[in-house]
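I open this notebook to record what I looked up in the structure, one topic per entry.

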Amino acid sequence: MPDDNPATRRTLLQPETLRRLATSDTGFVFDPVTGDSFSANGPALAILRLAQTDHDPRAIATALAREFDVTETTAERDILEFAGVLRRVIA
Amino acid sequence: MSVLTIAITGMNARADNPGPGVAVARCLVECGRDDIRLVGLGYDALEPGLYLGDLFDATYLLPWPSAGKDAYLAHLREIHAIEHVDAIIPCLDAEIPACIASGPELRAMGIRTFLPDQAGFAMRSKDRLPEAAEAAGVATPETRRISGPGFFHACIAEGWSYPLVVKGAFYDAAIVHTPQQGIAAFERLAAQWGHPVLAQKLVTGEEFNLCAVGDGEGGMLGAVMMKKRAVTDKGKGWAGVCIADEALHDAAARLIRTLKWRGPCEVEAIRDRAGTHHLIEINPRFPAWVYFTHGVGRNLPAALLDLMWGRAPSFAPARVGSMFIRYAHDVIVPMAGFEAVVTNGSHTFAGATP
């Protein structure tokens, strides 16, 4: 089902696109539709996995800040930056 | 236990553009059946598959498809008298029309095939592909039969632009950027593959391929989808990854249903930035990467044998994410082996049991 939250649309990929991505603990990410793959570092992998189950960027930022002991502002900035990378590598 | 003899063509295996025959043979050797033996059929003494005794019990040379149906059948009868062939899997586009036309004679000899009829085969030909695509509701770039080099200057006024693709009747294609390049490609392809030569508008995007078997009643069986990760100078896959793209699967299923395709096929499509798949070609045979279907758990040549003998094949889910990478492999051929092919047109390997 499409996510109607404008904030989500602004910052993350469509939920169905995120959910289809296969991730491994090593940070290897594979898109089974396009065949593309890339490597994600620890924080990026954490963002991706959080985003696969929770579509609210603010909730993701809170969880990320807790996991990596950073401020929510820093976490939000990292999320935005990673979302930009994701949009470039995932069609 | 009775042993079935399966003849396979397409023994050419040049690294930049290999034929599918050796890959089909590998699939059948590794499919787990111990009641089949393989015979390789090639056209030239330097086709590597002719020397692969680990796959084939015997190999033979055939006359080129341009020699016609009668020559093809005459040679096949000679081979059949020695090898008692139970089925043949043609793997080259150019020989399939003769194989279809020879259907009654092959059946009379007890040789099974699993191919479309002439009308079905013609419907997927490169020059009629837009009709088939439209009927199936699949996008395809505008394609034009070219009767002469004048097209390459006149096409701009008709709404075409460069670069565009020039394609041979059976194989080969070139992306051309100028009328001069177009004319050179036209003349080369016409000389090599005959007419028609086709011009196709260029679609940019990523290429995706799907291999499956059509059951002849509209069903698509055992689809395996692949994205090329590395290609040769001719654009042939050197590495690829198994994908699961529902949109590509559905488009191919509609095409196969529309054509009521019977037999192996490969659907080639370009996915543009908007995510639309544009049909580029339907090849009427297994592709050279067909060993990958076995690699991801769906051995399509083995499934084809099931269909030939009236059994419904079963398929495990394809292992999405698996990858293939090709490499070049040198085969050492004793002088007697090359001598046998050059002088007799055949090569029987030690331990073979015709």
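The entries below concern a predicted model and go from the chains to single residues.

**Entry 1. Chain A.** I began with the secondary structure of chain A and found five helices and three strands. Their order along the sequence is α-α-β-β-β-α-α-α. I then looked up burial: of the 91 residues in chain A, 44% are buried. The accessible surface of chain A is about 5000 Å², with 54% of it on carbon and sulfur atoms. Among contacts in chain A with a separation of 6 or more, 46% are between residues 24 or more positions apart.

**Entry 2. The interface.** Next I asked how many residues of chain B are in contact with chain A. I noted 12 residues of chain B, in contact with eight residues of chain A. The two chains bury about 750 Å² between them, and carbon and sulfur atoms carry 47% of that area. On the side of chain B, the residues that lose the most area to chain A are B:Lys227, B:Arg229 and B:Arg271; together they hold 40% of what that side buries.

**Entry 3. Domains of chain B.** I recorded two domains in chain B: domain 1 spans 4–113 + 329–348, and domain 2 spans 142–201. I read a separation of 33 Å between their C-alpha centres.

Entry 4. I then listed the neighbours of B:Met220: leaving out residues up to four places away in sequence, B:Met220 touches B:Leu210, B:Ala212, B:Val213, B:His249, B:Ala252, B:Ala253 and B:Ile256.

**Entry 5. Helix α11 of chain B.** Is this helix, residues 300–308, mostly covered or mostly uncovered? I find it mostly covered, as nine of its nine residues are buried. Among them are B:Leu300, B:Pro301 and B:Asp306. Just after the helix, B:Gly310 has a positive phi of about 75°.

Entry 6. I located B:Glu83 in helix α2 (residues 69–83) of chain B. B:Glu83 has a relative accessible area of 2% and therefore counts as buried, the cut-off being under 20%. Its side chain makes a polar contact with the side chain of B:Tyr60, at 2.5 Å. B:His84 lies in the loop between α2 and β4 (87–89). B:His84 counts as partly exposed because its relative accessibility is 47%. I also noted that phi of B:His84 is positive, near 55°, in a residue other than glycine.

**Entry 7. Other backbone features of chain B.** B:Lys260, in the loop between α9 and β12 (262–271), likewise has a positive phi, near 50°. I then looked up cis peptide bonds. One runs from B:Tyr162 to B:Pro163, with omega near 0°; B:Pro163 sits in the loop between α7 (151–154) and β6 (164–167). Another joins B:His195 and B:Pro196, with omega about 5°, and B:Pro196 is in the loop between α8 (179–193) and β8 (197–201).

Note on methods. Residues are numbered from 1 along each chain as its sequence is written. Chains are lettered from A and ligands numbered from 1 in the order in which they are written. This is a predicted model: local features need pLDDT of at least 70, side-chain atom pairs count only at pLDDT 80 or more; totals for chains, interfaces and linings use all residues. Side-chain values use heavy atoms; hydrogens and water are left out. Domain bounds come from an automatic or database domain assignment. Buried means under 20% relative accessible area, exposed over 50%, partly exposed in between (1.4 Å probe, protein chains only). Helices (H or I, at least four residues) and strands (E, at least two) are DSSP runs, numbered from the N terminus. Contact means heavy atoms within 4.5 Å. Accessible areas come from the Shrake-Rupley method with a 1.4 Å probe; for residues, only the protein chains shown count as cover. Buried area is the accessible area (1.4 Å probe) that two parts lose on being put together, summed over both. A polar contact is a pair of N or O atoms within 3.5 Å; within protein, one must be able to donate a hydrogen and the other to accept it, and residues adjacent in sequence count only if both atoms are side-chain atoms.
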